[in-house]
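Subject: Structure for you to look at

Dear colleague,

Please find below the structure I promised to pass on, together with its sequence.

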Amino acid sequence: MYSNPPVHGARIASIILTDPELRKQWLKDVKAMADRIISMRLQLRENLKKEGSSLNWQHITEQIGMFCFTGMNQAQVERLIKEFSIYLTKDGRISVAGVTSMNVEYLAHAMHQVTK
C-alpha cells in the first residue's frame, strides 16, 4: 500500500511564499529563531567561562543549527542525566533550541560540574 503525504502543508507553504507580506513576515520569523539559537550558543559559552571552565568551548559557537555536539563523553552525559536531569544523546549532542535564557546558566553549571 502506498500513501501520499497530505497536501495541506504544501498549500500553506505556497500561500505564505507567494504572498509578499506573508513571505516578509515568515523571513522575519525565521531570522528571529536563528538569532535566538545563536544567542543561546553565545550565552552557553560565556556561562561556561563564568563557571570557571578551563576547557575550550569554542566549538559551541562555531557550529550552526539547532543541535550542538558538546564533546562530552558517555560518562559525562550519564552524570548530566542522573545528577542534573538534563537529557541529551549519549554522544553528547544537545538541542540548542531547548536552551533558553531561563535555563542556560543551569546548563552551563551542570556541564562544568561533569567536565571538570
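What follows is a summary of what was found, taken topic by topic.

This is a predicted model, in which local features need pLDDT of at least 70 and side-chain atom pairs count only at pLDDT 80 or more, while totals for chains, interfaces and linings use all residues. Residues are numbered from 1 along each chain as its sequence is written, and side-chain values use heavy atoms, with hydrogens and water left out.

I begin with two helices. Helices here are DSSP runs of H or I with at least four residues, strands are runs of E with at least two, and both are numbered from the N terminus. Two packed helices are described by the angle between their axes and the distance between the axes. The axes of α1 and α2 come within 5 Å and cross at roughly 100°, the axes being lines fitted to C-alpha atoms, for helices over the stretch in contact, with angles that run from 0 to 180 degrees between N-to-C directions. The two helices α1 and α2 are therefore roughly perpendicular to each other, on a scale where under 35 degrees is roughly parallel, over 145 roughly antiparallel, 65 to 115 roughly perpendicular and the rest oblique. Where they meet, Ile15, Ile16, Leu17 and Thr18 of α1 face Pro20, Leu22, Arg23 and Trp26 of α2, contact meaning heavy atoms within 4.5 Å.

Apart from neighbours within four places in sequence, leucine 17 is in contact with Arg23 and Trp26. Its C-alpha atom is separated by 9.5 Å from that of leucine 27, ten residues along the chain.

Leucine 17 also belongs to a nonpolar patch on the surface, where Leu17, Trp26, Leu27, Val30 and Met33 have about 440 Å² of accessible area together. The largest share of this patch, four residues, comes from helix α2, which spans residues 20-50. Patches are made of residues with over 30% relative accessible area and no salt bridge, joining like charges within 9 Å and nonpolar side chains (Val, Leu, Ile, Met, Phe, Trp, Tyr) within 5 Å. The areas come from the Shrake-Rupley method with a 1.4 Å probe, and for residues only the protein chains shown count as cover.

How many salt bridges does a search of the whole structure find? There are two, a salt bridge being a side-chain nitrogen of Lys or Arg within 4 Å of a carboxyl oxygen of Asp or Glu. In one, aspartate 35 pairs with lysine 31, the closest N and O atoms being 2.9 Å apart; because these residues are four residues apart in helix α2, about one helical turn separates them. In the other, arginine 79 meets glutamate 83 at 2.9 Å, N to O, and these two are likewise four residues apart, in helix α4 (residues 74-84).

Finally, helix α5 (residues 104-115) holds histidine 112, which counts as buried at 9% relative accessibility. Leaving aside neighbours within four places in sequence, histidine 112 is in contact with Leu48, Glu51, Gly52 and Ser53. Glutamate 105, also found in helix α5, counts as exposed at 54% relative accessibility.

With best wishes

Technical notes. Buried means under 20% relative accessible area, exposed over 50%, partly exposed in between (1.4 Å probe, protein chains only).
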